[in-house]
Amino acid sequence: MLRYIANRVALGLVSLLLLSMMIYAAAQVLPGNPGRLVLGREATAGAVEEFNRSLGVDRPLPVRYADWLSDAVRGDFGSNYTDGRPVTDDLIPALQKSLFLALFAFVICIPFSILAGVFAAMRRGRAEDRAITVTGLSLAVIPEFVLGAVLVTVFGPAFLGWFPGIAGTLFEASFLTKLDSLFLPALALALVLFGYIARMARAGTIEALDADYTRTATLKGLGRRQVLGRHVLRNALLPTIAVIATNMGYLFGGIVAIERLFGYPGVGFLTLQSATIKNFPMLQACVLIIGIVYFAATLAGDLLISALNPRIRLTRQG
Amino acid sequence: MSSLSGNVPELPVIVEGRVPAAQLDSPSRVRRDTLRQILRSPTFVIGALVTLFWVACALFGESIAPHDPIDESFEASYVSPSWDFPFGLDRNGRDIVSRVIVGSRSVLEVAPAASILGVVLGSLLGLVMGYFGGWVDNVIGRVIDAILAIPLIVLAILVLTALSASSEGISISPLKLIMVVGLAFTPIVARTVRSAVLVERDLDYVQAAKLRGERAPYIMLAEILPNVMGPIIVELTVRLGYAVFAVATLAFLGYGPQPPTPDWGLEIAEQYADVSLAWWAVVFPALAIASLVVAINLIADTVQQVLDQ
């Protein structure tokens with residue numbers, strides 16, 4: 001088990017290191033000269049050179065990358081081009097806001113999608129199954145901001161007026177107000193996730209229902225409830241955990257558009273904002289943070305599965 | 001010896017190595033059957049009809065649209081849907097039904113090309129990874145893992161911003177979008193094709209080609225590629241759906257056509273602030289995106305189900 005964890009973590013770290021190199025290259029090489037970028041076309045060559053020297057970007061790329069990385073692992077992601085403030089000043093609160101929104105979306109989504117998936121599996125091939133599968137499939141492929149826009153139209157001020165269409169400036173508000181203003185963005189994200197999680201829960205349940213141990217449990221006279229609870233669901237939900245973990249990372253793709261739509265100042269909003277003003281230190285830190293969240297979530301999912309599944313826990317022991 | 005032969009069941013004798021014609025389907029017949037099965041599926045028909053409708057709008061938008069999509073001279077802004085303007089007028093007083101019809105163009109000129117680019121590059125990469133295996137597969141595999149940790153939209157924002165750093169604002173040409181979205185698709189396509197190639201690699205026909213002394217590119221492209229076309233076609237249809245998803249989202253975020261070009265994602269971004277005043281300016285472009293994405297995915301789903309049988 002320990003060896004499995006060590007292996008898994010090492011593999012994740014290698015990928016993360018590669019990712020940081022690619023992000024750094026994309027953000028530092030492609031744009032060209034940062035001094036020219038910040039000071040504009042009219043600045044003299046001397047001023048541009050001076051600016052670049054003050055940032056340290058006149059040094060060779062590998063040296064700059066090594067510096068940046070050694071700072072980054074200590075929690076210093078550099079400073080804004082624009083005002084020189086450390087990027088973490090804005091990044092950390094934004095990350096907290098995004099994680100809060102993501103968790104809210106999962107809390108809404110997970111119970112419903114697992115219930116729907118298990119229900120569809122038990123009604124396999126019938127109209128209910130077909131309806132759940134097609135709905136999930138369609139919701140999963142519609143862009144988040146489209147679902148968000150439709151939800152706001154229906155539940156927002158235009159018709160029902162149940163929820164606000166803006167989630168922006170309420171972070172100091174009470175917890176309930178916060179939940180109220182975040183409900184629609186979280187629901188839009190949850191609807192997209194619904195398709196993936198329900199599909200996985202359905203497939204896992206079908207596999208478990210068809211397995212020999214389920215037949216044995218039924219034949220030895222256990223009640224339907226006991227067979228489902230103790231034998232089917234336990235095995236059915238393992239693959240679902242992996243999908244939930246992977247989607248935690250992918251959720252951040254949708255979060256950019258949702259935060260833009262609702263004006264919610266999370267990491268997605270910050271990514272877009274720093275891209276618009278071409279503040280590359282902030283942009284690369286945002287992208288890296290999103291990658292770290294993905295790796296952390298998939299790692300947590302894998303470890304949870306191996307802890308729950310004795311076959312993995314025991315066979316990888318030595 | 002002779003006493004034993006009585007117990008041996010008689011085997012059918014194949015004359016001159018030929019199997020009776022009825023037992024073997026010719027490849028073209030299999031292909032025809034597959035095609036017929038796909039065309040008969042109601043989900044495919046619905047998906048194809050909706051997709052064709054939007055393709056027609058993209059090709060002949062101006063002649064289908066009842067009004068000029070960028071003409072602001074109708075009435076005041078935000079006129080609710082009426083007989084003359086079925087989807088109403090937007091903030092600038094432009095006819096929304098015309099903007100939705102012509103707006104299909106900017107998505108459909110980028111998404112198919114980007115998917116084809118991604119699938120071609122990804123298939124080549126997947127063939128190389130699966131065929132050579134070993135350290136080639138390992139190194140590329142790690143890079144792919146790293147790239148896939150970043151959601152497509154975030155990756156595209158980073159690269160598109162970096163590419164337009166030297167110009168004022170953000171200028172995104174359709175060609176640039178095709179390149180970036182196509183390249184962003186490459187890793188995931190490569191991963192799918194690689195696992196299909198792994199199954200084929202050790203089969204006899206590949207070994208035979210190696211023993212004949214064929215070169216690696218020939219074996220990959222002429223021997224293995226035709227046998228992994230099924231997953232590649234599925235991948236193409238699935239990617240097309242995601243390409244529309246990605247291009248519409250990027251346009252909404254400002255990485256796409258600029259005003260006053262009619263575009264679904266851009267329209268939602270521009271009109272959303274006043275959604276409580278004029279829901280029609282937001283909802284109709286939103287429904288247009290949803291209908292196209294779902295339609296393409298219905299097609300992809302049918303193709304996948306039939307080819308996976």
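**A bent helix**

I began with α10(A), which bends by about 40° at V232(A). The bend is the angle between axes fitted to the seven residues ending there and the seven starting there. Helices here are DSSP runs (H or I, at least four residues; strands are E, at least two), numbered from the N terminus.

Before going on, I noted that this is a predicted model: local features need pLDDT of at least 70, side-chain atom pairs count only at pLDDT 80 or more, and totals for chains, interfaces and linings use all residues. Residues are numbered from 1 along each chain as its sequence is written, while chains are lettered from A and ligands numbered from 1 in the order in which they are written.

The expected span is 1.5 Å times one less than the number of residues. After α10(A) comes G263(A), with a positive phi near 65°.

For comparison I looked at α6(B). Its 15 residues should span 21 Å at 1.5 Å a residue, and its end C-alpha atoms are 21 Å apart, which agrees.

**Confidence**

How far do I trust chain B? Its mean pLDDT is 83, with 87% of its residues at 70 or more; pLDDT is the predictor's confidence in each residue, from 0 to 100. In chain B, helix α5 (residues 111-132) has the highest mean, 95, and helix α1 (residues 2-5) the lowest, 44. Over residues 1-6 of chain B pLDDT stays under 50, and the model has zero contacts there beyond four places in sequence. Where pLDDT is low, the predicted coordinates should not be read in detail. For the complex, the predictor gives an ipTM of 0.85 and a pTM of 0.85.

**Where the chains meet**

I found 39 residues from chain B and 45 residues from chain A in the contact. Two residues are in contact if their C-beta atoms, placed from the backbone, lie within 7 Å. On the side of chain B that touches chain A, the elements giving two or more residues are α6 (134-148), α7 (152-163), α11 (229-252) and α13 (280-308) of chain B. That side divides into 30 nonpolar, six polar and three charged residues. Nonpolar means Ala, Val, Leu, Ile, Met, Phe, Trp, Tyr, Cys and Pro, charged means Asp, Glu, Lys and Arg, and the others, Gly among them, count as polar.

I went back to α6(B), where I144(B), D145(B), A146(B), I147(B) and L148(B) are buried. A residue is buried if 20 or more other C-beta atoms lie within 10 Å of its own, exposed if 12 or fewer, and partly exposed in between. The buried residues of α6(B) pack against α1 (2-28) of chain A together with α8 (174-201) of chain B.

Which peptide bond is cis? The one from P259(B) to P260(B), with omega near 5°. P260(B) lies in the loop between α11 and α12 (264-271) of chain B.

K278(A) has a phi near 55°, positive in a residue other than glycine. I placed K278(A) in the loop between α11 (267-276) and α12 (280-308) of chain A. K278(A) counts as buried because it has 21 C-beta neighbours inside 10 Å.
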